[in-house]
Amino acid sequence: MFEGISNAVSAFFSQRLVGILVESFPKMLLPGLKMTIPLTAISFSIALVIAVIAAMIQVAKIPVLRQLIRFYIWVVRGTPLLVQLYVVFYGLPNLGIVLEPFPTAVLVFSINEGAYCAETMRAAIESIPKGQMEAGVCVGMSWLQTMFHVILPQAFRTAFPPLSNSLISMLKDTSLAANITVMEMFMVTQRIASRYYEHLALYIEVALIYLLFCTVLTKVQAVCEKKLASYGF
Amino acid sequence: MLTIHQVTKQFDGSQVLKGVDLTVNKGDVIAIIGQSGGGKTTLLRCMNFLETADSGTMEFDGETFDLAKISKKDIERIRRKTAFVFQSYNLFRNKTALQNVMLGLTVARKMPKAQAEQIARSALEKVGLADKADSYPNALSGGQQQRVAIARALATDPEIIYFDEPTSALDPELTGEVLCVMRSLAEEGMTMLVVTHELGFARNVSTKVIFMENGSVVESGPSMEFFTNPKEERTRAFLNTITQHEKE
């Protein structure tokens, strides 16, 4: 029994396969560092800006704009990310709007993630006691000034763990960009896999690289949370 | 200096303020007393536009404003000449004591940092908390937080400070330190409008007392006269229940 398994394992990890895996590793890691991570970083940064603005519009109860934001969140959260990528990349050309793969990915990922993070930010802002805003305007600051100096810093701390969650989940979702020909980590893996016909081993290998990236992010999150907690508020 | 006229306010169909008049002169220390739910806090909040009054006018520094239709610009302008001390302190939780006091100067009044810090430090010194400048609110006791809040109010050099039950959230032993600071402000001639349950403060520190009940002013007058010779039956009844309570 045990011999059977070990035979199967050693047969699986033939010298040829080990060679392929070792050779493929940098070929996967490189697009991971040059594409997956920048795509995630850029899209998430834009998503955060969208989220803060969308959350503030909702909290400020600005008429019309607020309804537009609700509509945006409703549509984005109610449709699959993959479909959104297809609509923009393969659909918009019908209207004469042709975008390059990478900008398309950034656009779709940031708009998509922005909707989710907007809800996180809104909840975080609403969790700050009303008295903080009242005190701000009573010392003569405007609503916006109080927002920036008092409410948002506190809200970001509350929102930090769920936002980190979103970031990690977005990093993995960037693999969907393979569908619109972005040469990111997963796309490259698909190509290698079809060349060598070693799908199982190579897809597990790329999964492990994603796992590595996410582990780093989780560690960074833990360090940041500790740091935030030490700020004494 | 400040006069409000016929202020009314309704919450969900119940009339909280039924046409309140009030005049504040420079140097007045006015205590607004009365049972909870009588409209005292709402009046104060309407005067600083934390609530929007349904009707009424305000005359402040020679200008007249319609409280129901006042513009945002005018509100901000008036707020820069007033200060508000809350029952629950409402210190900015992400700022140290010093930063709490400075924010109204550096951000709202665009004052250079060095100058603001100097003012903020002397305001903290005035409330006896110079050594707590770098503490965050959650490291301070309730009494200390309220004193920082008073320093924050003082720093902007307001023409009037509104106090909304400043000691109601405090333990009795902490109440004393806050009242002590307020008393010294009063002695320096600061104009103050204080909603309070501390009849001792109303009697001994304030120059004028206003007794409110069910959204109306029942009686008002100089403190001495108010306590020794109340004119209205309702006032006498209120003072009796309170003094009896204090005796027990």
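1. Thr207(B) is partly exposed, because 15 other C-beta atoms lie within 10 Å. The class runs between buried (20 or more other C-beta atoms within 10 Å of the residue's own) and exposed (12 or fewer), with C-beta atoms placed from the backbone. Thr207(B) sits in the loop between helix 7 (199-204) and strand 9 (208-213) of chain B. Helices here are DSSP runs of H or I with at least four residues, strands are runs of E with at least two, and both are numbered from the N terminus. Leaving aside neighbours within four places in sequence, Thr207(B) is in contact with Asp28(B), Val29(B), Pro222(B) and Ser223(B). Contact means C-beta atoms, placed from the backbone, within 7 Å. Thr207(B) and Ala31(B) are 176 residues apart in sequence, yet their C-alpha atoms are 8.0 Å apart.

2. A word on the basis. This is a predicted model, in which local features need pLDDT of at least 70 and side-chain atom pairs count only at pLDDT 80 or more, while totals for chains, interfaces and linings use all residues. Residues are numbered from 1 along each chain as its sequence is written, and chains are lettered from A and ligands numbered from 1 in the order in which they are written.

3. Asp54(B) counts as partly exposed because it has 16 C-beta neighbours inside 10 Å. Not counting residues up to four places away in sequence, Asp54(B) touches Thr8(B), Lys9(B), Gln10(B) and Ala68(B). From Asp54(B) to Val7(B), the C-alpha atoms are 7.5 Å apart, across 47 residues of sequence.

4. In chain B, four strands form an open sheet with antiparallel pairing, in the order 2-1-4-5. Strands pair if DSSP finds at least two bridges between them. Strand 2 (14-24) and strand 5 (63-66) of chain B stand at the edges with a single partner strand each, so one side of each has no neighbour in the sheet. The twist averages 20° from one strand to the next. Ile4(B) has Met58(B) in strand 4 of chain B as its bridge partner.

5. Strand 6 (residues 82-85) of chain B is covered on both faces. Thr82(B) and Phe84(B) are buried on one side, Ala83(B) and Val85(B) on the other. Strand 6 pairs with strand 7 (residues 160-164) of chain B in the parallel sense, over four bridges. Thr82(B) stands opposite Ile160(B) in strand 7 of chain B.

6. Two residues other than glycine have positive phi and deserve a look. Asp157(B), not a glycine, has phi of about 50°. Asp157(B) is in the loop between helix 5 (142-155) and strand 7 of chain B. With 13 C-beta neighbours inside 10 Å, Asp157(B) counts as partly exposed. Asn214(B) has a positive phi near 45°. Asn214(B) lies in the loop between strand 9 and strand 10 (216-222) of chain B. With 15 C-beta neighbours inside 10 Å, Asn214(B) is partly exposed too.

7. How do the chains meet? In the interface, 23 residues of chain B are in contact with 17 residues of chain A. On the chain B side, helix 2 (72-79), strand 6 and helix 3 (97-106) each supply at least two residues. That side has 10 nonpolar, seven polar and six charged residues. Nonpolar covers Ala, Val, Leu, Ile, Met, Phe, Trp, Tyr, Cys and Pro; charged covers Asp, Glu, Lys and Arg; the others, Gly among them, are polar.

8. In helix 6 (residues 130-138) of chain A, Met133(A), Ala135(A), Gly136(A), Val137(A) and Cys138(A) are buried. The buried residues of helix 6 pack against helix 7 of chain A, together with helix 2 and strand 6 of chain B. Just after helix 6 of chain A, Gly140(A) takes a positive phi of about 105°.

9. Helix 2 (residues 15-60) and helix 7 (residues 143-173) of chain A pack at about 135°, with axes 11 Å apart. That angle makes helix 2 of chain A oblique to helix 7 of chain A. The contact is made by Thr40(A), Ser43(A), Phe44(A) and Met56(A) of helix 2 and by Met147(A), Leu167(A), Met170(A) and Leu171(A) of helix 7. These residues divide into six nonpolar, two polar and no charged. Axes are lines fitted to C-alpha atoms, for helices over the stretch in contact, and angles run from 0 to 180 degrees between N-to-C directions. Under 35 degrees is roughly parallel, over 145 roughly antiparallel, 65 to 115 roughly perpendicular, and the rest oblique.

Key. Two residues are in contact if their C-beta atoms, placed from the backbone, lie within 7 Å.
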